[in-house]
Amino acid sequence: MFETLSDRLTSVFSSLRSKGRLSDADIDATTREIRIALLEADVALPVVKAFVARVKERARGSEVSQALNPAQQVVKIVNDELIEILGGETRRLRYAKTPPTVIMLAGLQGAGKTTLAGKLARWLREQGHAPMLVAADLQRPNAVQQLQVVGERAQVAVYAPEAGNGSGDPIAVARQSIDEAKRQQHDIVIIDTAGRLGIDQEMMRQAADIRDVVRPDEVLFVVDAMIGQDAVTTAQAFMDGVGFDGVVLTKLDGDARGGAALSVRHITGKPIMFASTGEKLEDFDAFHPDRMASRILDMGDILTLIEQAQKTFDEEQAAKMAGKLTSGESFTLEDFLEQMMMVQKMGPIKNLLGMMPGMGQMRDQLNSIDDRDLDRIAAIIRSMTPAERQDPKIINGSRRARIAAGSGVTVTAVNNLVTRFFDAQKMMKRMAGGMGIPGMPGGGRGKAAKAQKKTKKGRRVSGDPRKAALEKSSSSSGEAPAAPTQGGVLGNLGGKLPPGMELPPGFDPSKLRLPGQK
């Protein structure tokens with residue numbers, strides 16, 4: 001959605017990195033490019049003016065002129081202002097003190113209200129709530145049936161006493177749904193209202209009547225992020241006619257320029273609360289202004305990536321796999337398949353990699369990633385016998401031909417998978433062995449340990465006759481050798497330590513034992 005804006009801003013900031021200090025001309029040129037980038041992204045003109053003015057004011061202040069890296073400071077200013085214009089902090093749902101909490105959805109027809117109702121219900125169910133969907137859109141053909149299908153997929157209850165298709169009273173349905181929710185002990189009610197192809201008085205009056213009857217705790221305005229400048233006009237009309245508490249953006253996965261997200265919040269003053277990023281019910285989450293700003297500036301979204309991993313990966317399985325790697329046990333194809341299936345549950349690989357910082361510069365490579373490659377790998381592994389998955393070394397030519405035929409791929413594809421797996425297995429074993437790094441599991445043996453082993457074979461005698469005689473006398477008397485006074489640690493101090501740092505009488509450095517030594 002924000003690819004064009006992200007590319008333009010990234011190119012603007014890259015031209016600043018070579019400058020040791022920023023002049024007024026540099027700041028003017030930078031803010032001019034930012035203005036053009038925002039306008040091309042379909043951001044409303046009042047929003048662009050306010051944003052650029054604020055950035056220019058801060059860029060000319062002391063926080064940039066006194067900074068060690070002015071370019072990075074300008075990026076920080078733009079990031080802060082983007083967060084502010086997107087809402088500042090994440091806005092959470094307000095829950096009623098006495099259940100049920102009533103959430104009313106409003107918006108134009110085609111904005112995706114019905115599908116979003118199912119996504120929101122599923123999201124709330126995962127939070128531990130018991131939501132109920134209400135089919136109050138009785139105008140659009142098959143709207144009630146669509147909500148029932150969505151509710152079944154989201155595994156939530158649906159209240160639909162009327163068949164719809166132009167018949168029935170949506171106000172009465174909304175009123176009755178509150179009593180039904182109390183009877184069935186649902187703590188949240190989500191009312192899906194009717195939309196229209198355009199803004200008209202009849203739609204506004206109906207939505208306002210439903211609002212007055214159910215007195216919702218939250219009225220959410222659902223807006224299609226792809227409609228551009230019209231989003232601002234529509235949002236203002238709903239604000240005046242019905243009023244709403246928060247905004248939900250749909251179709252953020254589209255290829256439109258995405259200026260609506262930056263405009264609606266600033267024009268209406270209402271926060272963006274949720275964002276829908278795909279067609280699946282799980283492609284939905286709370287809207288975080290700081291994370292969205294970070295994505296726009298190609299700084300990644302590591303927090304969302306971590307949250308998705310925490311929701312997907314089972315802690316016991318992760319701990320088991322970590323223990324298997326650190327203990328040096330063999331990493332099998334069965335383990336590889338299990339991990340790959342976990343990664344697939346997190347979503348498309350392209351989206352996951354896109355959350356990493358700097359990946360905007362590799363957009364062409366990301367777009368070439370095909371998730372079906374993972375399906376082919378899974379098919380190859382599932383075509384193997386349990387013994388072959390545990391020990392791929394037994395896979396000979398005839399076995400590879402059989403696996404290729406069973407998975408519908410070529411023998412070359414099977415060969416490539418087995419070869420890459422052996423390489424990965426070697427790397428896992430090296431990691432388990434510590435790769436010779438002290439402190440790593442199994443990594444306590446390195447050059448230092450070998451050198452210590454060599455020194456135990458015999459004491460090296462210095463080529464300097466004076467040092468040799470000194471070492472010989474000290475070894476024969478059983479005393480520790482004296483500290484060297486020329487070129488050694490104490491050489492520049494004349495053989496003496498500063499006052500207060502003298503070693504205690506009779507101190508023998510040879511008797512020191514480092515941690516881990518016996």
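I started with a term: a crossing is left-handed if the near helix is turned anticlockwise from the far one by less than a right angle, and right-handed if clockwise. I kept in mind that this is a predicted model, where local features need pLDDT of at least 70, side-chain atom pairs count only at pLDDT 80 or more, and totals for chains, interfaces and linings use all residues. Residues are numbered from 1 along each chain as its sequence is written, and side-chain values use heavy atoms, with hydrogens and water left out.

**Entry: α8 and α9**

I took helices (H or I, at least four residues) and strands (E, at least two) as DSSP runs, numbered from the N terminus. I looked up helix α8 (residues 170-184) and found that its axis comes within 9 Å of that of α9, crossing at roughly 25°. Axes here are lines fitted to C-alpha atoms, for helices over the stretch in contact, and angles run from 0 to 180 degrees between N-to-C directions. That angle makes α8 roughly parallel to α9; the classes are under 35 degrees for roughly parallel, over 145 for roughly antiparallel, 65 to 115 for roughly perpendicular, and oblique for the rest. The crossing of α8 and α9 is right-handed.

Which residues of α8 and α9 make the contact? I noted P170, I171, A174, R175 and I178 of α8, with Q206, D209, I210, V213 and V214 of α9. Contact means heavy atoms within 4.5 Å.

**Entry: the sheet**

I traced eight strands in an open sheet of mixed pairing, in the order β3-β2-β4-β1-β5-β6-β7-β8. Two strands pair if DSSP finds at least two bridges between them. At the edges I found β3 (157-159) and β8 (284-286), each pairing on one side only. From one strand to the next, the twist averages 25°. Strand β1 (residues 101-107) runs parallel to strand β5 (residues 218-224), and they share five bridges. I also saw helix α9 (residues 201-214) packing on the sheet, where it touches β1 and β4 (188-192).

**Entry: α5**

Next I checked helix α5 (residues 70-85), which packs against helix α12 (residues 289-296) at about 135°, with axes 8 Å apart. That makes α5 oblique to α12. From α5, I listed N79, L82 and I83 as meeting P289, D290, A293, S294 and I296 in α12.

**Entry: salt bridges**

I counted 18 salt bridges, each a side-chain nitrogen of Lys or Arg within 4 Å of a carboxyl oxygen of Asp or Glu. One of them joins E81 and R58, whose closest N and O atoms are 3.0 Å apart. This pair links helix α5 to helix α3 (residues 45-59), 23 residues apart.
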